[in-house]
Amino acid sequence: MKNTFFARLACAALASAAGVVFAQGSYPSKPVRMIVPSSAGGGTDIVARIIAPELSRRLGQQVVIENRPGAGTMIGIEIAAKAPADGYTVLMGLSTLAINSAIYKKVPYDPRRDFAPITRAVTSASIIVVHPSVPVKTLKELISFARARPGQLNYASAGTGTYPHMTMELFLSMAKLKMVHIPYKGTAPAMIDMIAGQVATMAATVLTGMPHIRSGRLRPLGITSLERASAAPDMPTVAEGGLPGYESVQWYGMLAPARTPRDIVNRLHAEVTGVLKQPEIKARFANDLADTVGSSPDEFTGFIERELVKWAKVARDAGIRAD
């Protein structure tokens, strides 16, 4: 009887395990929701909408983009963090995932505890731009112009604590300048007022800034990467423009809620990196001075940890703190 009992237990366990394998092996069996924690038209949204159609084809299910902007991207990030860990909700995260923890006293998610990193997908430098009405043509001229007018110039950002905000704060700190920060609810509305001349300057992500630079509606002064972009070799870096050592690069990456099964994380990693390796996708990002990455889940986890340390220091040194 004992042998029969244990045999039945073994059979039940095998059947249960087989069921789990089958259930996960059939993933996905319904559409996958991709949370974008910023408004439509911003850099994160652009990255998501370039990747999503081909990812849908590779998964065999539609990837539905859901824009949930607000609170410096924390609303959308929190929604993703609290979603079921079943692979049917993913986050297109960005640098503020780490930055928020550096500047806010209360953050409704823990970047270390609440997510299963999938891959760092794309990196993109920003470009410090001015409206053509501002009488400067180089970064050195902007520094001199602003230094002679402390607190008189304003600059736009996608919101307090966002990557464009921190990029400008790093610039102001290193250049010893004082400007008025005008936060917006996302990159797109900030860009609208920038083009209209309502604000003097901003750190525009290349994904959103380059079309307006090419049209002449914005004047570029310096790219925030350490090296010049191969697609725009004539554009100097901020470091070359008067601030040696300056670097600030935006990143975008896909994450799932913590405790998402590792085989689902691996499947998503394989498909997303497969998308990023396609020549037409790489070329599309390169056209906007962005680079595809496709890091492993473990590499992305380590990268986020380094970002948390980096931005905590920037916020502390610049005295940036938000309620």
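Predicted model: local features only at pLDDT ≥ 70, side-chain atom pairs only at ≥ 80, totals over all residues.
Let me start with the largest pocket, which has a volume of about 330 Å³. A pocket here is an open set of points on a 1 Å grid over the protein atoms alone, where a 1.4 Å probe fits, with protein on both sides within 12 Å along at least five of seven lines, and lining residues have an atom within 4 Å of a point. The volume is the space filled by probe spheres set on the points, which are joined across faces, edges and corners. Of the 17 lining residues, S225, E227, A229, L289 and D291 are the closest to the centre of this pocket. Strand β4 gives the most to the lining, with 3 residues, and the lining divides into 9 nonpolar, 4 polar and 4 charged residues.

Residues are numbered from 1 along each chain as its sequence is written, and side-chain values use heavy atoms, with hydrogens and water left out.

The second largest pocket holds about 280 Å³ of space. Its lining has 27 residues, with T73, A158, G159, T162 and G186 nearest its centre, and α2 (43-59), α6 and β9 are the elements that give two or more residues to it. By class, this lining has 11 nonpolar, 15 polar and 1 charged residues.

That brings me to strand β9, residues 249-257, where 8 of the 9 residues are buried, meaning under 20% relative accessible area with a 1.4 Å probe and protein chains only. Strand β3 (residues 89-94) runs antiparallel to β9 and is joined to it by 4 bridges, with M92 partnered by M254. Strand β4 (residues 115-130) is also antiparallel to β9, through 9 bridges, and there R120 has G253 as its partner.

Finally, E271 sits in helix α9 (residues 262-276) and counts as buried because its relative accessibility is 12%. Its side chain makes polar contacts (N or O atoms within 3.5 Å, one able to donate a hydrogen and the other to accept it) with the side chain of R58 at 2.9 Å and with that of R267 at 3.0 Å.

Conventions
Buried < 20%, exposed > 50% of the residue type's maximum accessible area, 1.4 Å probe, protein only. Pairing = 2+ DSSP bridges. Nonpolar A, V, L, I, M, F, W, Y, C, P; charged D, E, K, R; others polar.
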